[in-house]
Amino acid sequence: MTDAELARAVALEAGALLARIRGAGDCSGKTLGDRGDHDANLLILDRLRAARPDDFILSEESVDDRARCAARRVWIVDPLDGTREYASGSDEWAVHIGLAIDGRPAVGAVAVPALARVFATDDVAATPPPLPDRLRVVVSRSRAPEIARGVGEALGATMIPMGSAGAKAMAVVDGRADIYLHDGGQYEWDNCAPAAVAMAAGLHASRIDGSPLVYNCENPLLPDLLICRPELAERVLAAVRAGRG
Ligand SMILES: Nc1ncnc2c1ncn2[C@@H]1O[C@H](COP(=O)(O)O)[C@@H](OP(=O)(O)O)[C@H]1O
Ligand SMILES: [Mg+2]
């Protein structure tokens, strides 16, 4: 099994588990979110450790083993991205299974159960639909950054609020949006797999100052990112610079 096939299989299985847990209806709210985070994490760790015993894993839901910093290959996983939305009954959540190699988002899969789809680095088409007349920017539903509003205004774009970094990034991958911009806080697990898939699909993915996304850092804080159609990247980055003064 290749790394991408493994990422897809694990994302699919964890997404199905999370859907079953919620469907069972025996808990709700924070208890449901905590249970989903916990159980999906156990499943993912089990599958990755069995298939790749020599690799390190950085997970939102596990204690961070800093020995990973010296490793070339680190799986970076978010068992349930969009926990808030999952717990409230919304479909805006995803499972992220990323693999950073030498700090780059090399391989990954993002399961979006609402679309009954897993997007993986080995099967995303790099043939985007034509750009619409009015651009669409997806932003966090609960923490839309000020800079995204400014960029949206500068480009005359429509803003689309949505939960989950993976769900938003995959909206750009499959042409339902053109730009995903975030600022103000995220961690490597929130964007490693989404960035890997977006880049495999030929999209631009970077920090909002245009610098590369670097993973497996000692501090996993990675607070901002831009994923967009490549032909828009320069305009968006210029609008960010202008917005930041
Ligand atoms: N300002 C911030 N600080 C820390 N984490 C943030 C953040 N803004 C977004 N995130 C995280 O990024 C993910 C996507 O957020 P959003 O849905 O708002 O776009 C969520 O992950 P989790 O659901 O895994 O916690 C959320 O916690
Ligand atoms: Mg997350």
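Let's start at aspartate 81, which touches Trp93, Ala94, His96, Ser164, Ala165, Gly166 and Asp190, leaving out residues up to four places away in sequence; two residues are in contact here if their C-beta atoms, placed from the backbone, lie within 7 Å. What you're looking at is a predicted model, where local features need pLDDT of at least 70, side-chain atom pairs count only at pLDDT 80 or more, and totals for chains, interfaces and linings use all residues. Residues are numbered from 1 along each chain as its sequence is written, while chains are lettered from A and ligands numbered from 1 in the order in which they are written.

Aspartate 81 sits in strand S2, and with 30 other C-beta atoms within 10 Å it is buried. (Buried means 20 or more other C-beta atoms within 10 Å of the residue's own, exposed means 12 or fewer, and partly exposed is in between, with C-beta atoms placed from the backbone.) Strand S2 also holds aspartate 78, which is buried too, given its 33 C-beta neighbours inside 10 Å. Beyond its neighbours within four places in sequence, aspartate 78 is in contact with Glu60, His96, Trp189 and Asp190.

Some of these names come back in the UniProt record. An unreviewed entry there lists Glu60, Asp78, Leu80, Asp81 and Asp190 under "binding site"; the positions are given in the numbering used here, feature names are shortened, and annotations may be inferred rather than shown by experiment. The listed residues span 131 residues in sequence, yet no two of their C-alpha atoms are more than 9.4 Å apart, so they gather at one spot.

Now for the ligand. There are 17 residues around ligand 1, and Thr83, Ser140, Ala165, Gly185 and Asp190 come nearest; a residue is near a molecule or strand if its C-beta atom, placed from the backbone, lies within 6 Å of it. Strand S2 (73-81) and helix H3 (83-87) are the elements that give two or more residues to this shell. By type, the shell has one nonpolar, nine polar and seven charged residues, where Ala, Val, Leu, Ile, Met, Phe, Trp, Tyr, Cys and Pro count as nonpolar, Asp, Glu, Lys and Arg as charged, and the others, Gly among them, as polar. Domain 1 (3-120) and domain 2 (136-244) each put at least three residues into the shell; the bounds come from an automatic or database domain assignment.

How do the two domains meet? Their C-alpha centres lie 20 Å apart, and 33 residues of domain 1 are in contact with 28 residues of domain 2. On the domain 1 side, S4 provides the largest share, eight residues. That side divides into 17 nonpolar, seven polar and nine charged residues.

Stepping back, the chain has seven helices and 10 strands, taken as DSSP runs (H or I, at least four residues, for helices; E, at least two, for strands) numbered from the N terminus. Of its 245 residues, 49% count as buried. Among contacts between residues at least 6 apart in sequence, 67% join residues at least 24 apart.

Two loops deserve a look as well. Most residues other than glycine have a negative phi. Aspartate 102, in the loop between S3 and S4, has a positive phi near 55°, and alanine 116, in the loop between S4 and S5, has a positive phi of about 50°. Aspartate 102 counts as exposed, with 12 C-beta neighbours inside 10 Å, and alanine 116 counts as exposed with 9.
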